[in-house]
Amino acid sequence: MDMRYVMKFGGTSVKNGGYARIADIISQYRKHEVVAVVSAIKGVTDKLIEVTEVAERGNKKAIDEFMVEIRELHREEVRKSMGKIPKELEDQLSRADRDLEHVLYGILYLREATPRSVDYVASFGERYSAYILAGVLNERGIKSKAFTGGEAGITTDDSFGEASPLMAITEAKTKERLLPLLEKGYVPVVGGYAGVTQSGIVTTLGRGGSDYTATILGVSLSADEVWIWSDVDGLMTADPKIVPTARTIPELTYKEALEMAAFGAKALHPRALEPVYEKGIPVRIRNTFNPSHPGTVITSKPSKKFPSVVKAVALIRDVGMLTVSGASMVGRPGTAAKIFSTLARAGVNIMMISQSISESNVSMVVKRNVLERAYSALEVEMLGKIVKDIEMEDDICVIAAVGEGMKGTPGVAARMFRAVANEGINIIMIAQGSSELNVSFVVKEEDGEKAIRAMHREFIDKISSDF
Ligand code: ASP
Ligand code: MG
């Protein structure tokens with residue numbers, strides 16, 4: 001049966017002649033319907049965001065230099081992928097160059113980079129990238145047409161920098177614009193990361209948002225599967241830089257993958273799974289540089305039971321811990337609410353919380369770069385009232401274990417803590433959601449890697465290698 005795929009190619013996949021490699025991959029699926037989504041070439045989005053600051057400071061010379069660099073960078077990639085620059089592609093690229101230059105000059109004259117203008121500038125990397133891939137495909141005789149996210153019909157609210165899709169409108173528009181092309185055998189290429197508001201203003205879906213574009217399109221076009229082509233063999237049981245025996249996880253549930261994305265698993269935007277989760281569309285994570293590897297598939301029901309209750313362990317760095325304590329906190333309703341609202345007002349996001357049943361202290365983990373702000377907000381609002389003491393620790397890290405198999409299995413926590421204790425590592429704080437999908441605990445920063453390796457040894461290394 002013919003399938004309909006949305007295939008997203010990330011920033012490292014398009015780099016260094018990558019468009020040719022991507023065209024090779026796409027050409028293998030010619031009997032299916034394929035919508036391609038591309039990221040900007042790696043590094044380009046960072047550069048675009050940086051140049052808005054340069055423009056705001058009024059540095060005209062730097063803008064001119066930037067335009068020379070960005071022009072050449074894209075043309076160089078085209079040459080690497082097909083040896084020449086076809087006329088139609090050159091016209092598209094020059095038009096994008098001109099539009100980009102205009103908006104940068106606009107920022108320069110006003111000396112003001114609003115979130116709205118930053119989003120517009122940031123969106124250009126994907127626009128260029130879509131033109132190039134469509135150009136390469138056409139050159140090979142694969143009929144293709146490039147779209148920006150907005151042109152394809154991705155419609156969002158106006159939260160610039162982190163916009164959310166308006167799904168009903170997006171579905172209607174993308175169907176109307178892309179399905180007729182699929183019927184005629186075209187491969188539409190859509191620039192990821194960006195969309196437009198209902199009034200046509202360009203927005204972005206947040207950094208790494210091309211994954212999100214792919215899943216939004218997957219749902220809108222009722223794709224059979226969404227494939228995220230990246231530079232890794234799927235999601236791994238641990239960071240292979242820390243754990244050399246880490247391996248690819250063949251199958252994950254949406255819930256497990258969401259947990260992993262939330263704590264920064266490479267190759268997955270944290271919100272990208274929302275749309276497909278509801279519709280049950282499988283997401284595959286595959287490696288452009290190793291296309292024969294099956295990668296990881298994310299579904300609602302894995303076909304095989306994973307032989308361990310824990311599927312992945314992760315080390316979360318750059319965090320700190322706050323502990324608020326005081327005997328008068330005991331039995332006083334509203335204390336936790338006060339702590340959390342104080343932090344919310346200070347713009348501090350709480351990553352992990354734990355309170356003992358004695359109620360005399362509450363510990364929280366936050367990003368390290370907001371730790372001091374969090375501390376002083378709590379000090380100003382609460383110290384000397386119900387709170388007696390506030391402690392701050394900045395030399396900690398979090399170990400997280402994920403796996404739906406932990407649910408209802410007795411003894412998992414005991415195994416974890418024993419494995420870590422056997423290494424002489426002290427556990428400072430523990431949190432487990434009642435979903436039992438994730439157990440997280442805090443250890444000293446210097447113990448982090450050792451703890452991860454101990455966990456991996458206990459839960460994963462024992463699995464037979466042919467799984
Ligand atoms: N180019 C965008 C970024 O760097 C989006 C993406 O690559 O997914 O964040
Ligand atoms: Mg990414």
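1. A pocket, as the word is used in this note, is an open set of grid points with protein on both sides within 12 Å along at least five of seven lines, whereas a cavity is a set of points where a 1.4 Å probe fits but cannot get out. A molecule sits in one or the other if more than half of its atoms lie within 2 Å of its grid points. With that in hand, welcome to this predicted model: ligand 1 takes up the space of the second largest pocket.

2. By class, 11 of the lining residues are nonpolar, 11 are polar and 8 are charged.

3. Which helices and strands each supply at least two residues of this lining? They are the helices α1 (11-14), α3 (44-56) and α10 (210-220), together with the strand β7 (225-230).

4. Now for the ligand itself. Around ligand 1 you will find S39, A40, T45, E126 and Y193, and also the run R207, G208, G209 and S210. This shell divides into 2 nonpolar, 5 polar and 2 charged residues.

5. How far are the atoms of R207 and its neighbours from the oxygen atoms of ligand 1? For R207, a polar side-chain atom lies 2.7 Å from an oxygen atom of the ligand. G208 contributes through its backbone, with an N or O atom 2.7 Å from an oxygen atom of ligand 1. In G209, a polar backbone atom is 3.4 Å from an oxygen atom of the ligand. Taken on its own, ligand 1 has 260 Å² of accessible area, and the protein covers 85% of this.

6. The whole structure has 1 cavity of 30 Å³ or more, and the largest cavity contains about 30 Å³ of space. Its lining consists of P250, E251, P302, K304, F306, K311 and F467. Of these residues, 4 are nonpolar and 3 are charged, with no polar ones.

How values were computed
Residues numbered from 1 in each chain as written. Chains lettered and ligands numbered in written order. Predicted model: local features only at pLDDT ≥ 70, side-chain atom pairs only at ≥ 80, totals over all residues. Heavy atoms only, no water. Near = heavy atom within 4 Å. Polar contact = N/O pair within 3.5 Å; in protein donor to acceptor, adjacent residues only side chain to side chain. Areas by Shrake-Rupley, 256 points an atom, 1.4 Å probe, with all protein chains shown as cover. 1 Å grid on protein atoms, 1.4 Å probe; cavity = no way out; pocket = protein on both sides within 12 Å on 5 of 7 lines; lining within 4 Å. Nonpolar A, V, L, I, M, F, W, Y, C, P; charged D, E, K, R; others polar. Points joined across faces, edges and corners; volume = space filled by probe spheres on them. Helix = DSSP H or I, 4+ residues; strand = E, 2+ residues; numbered from the N terminus.
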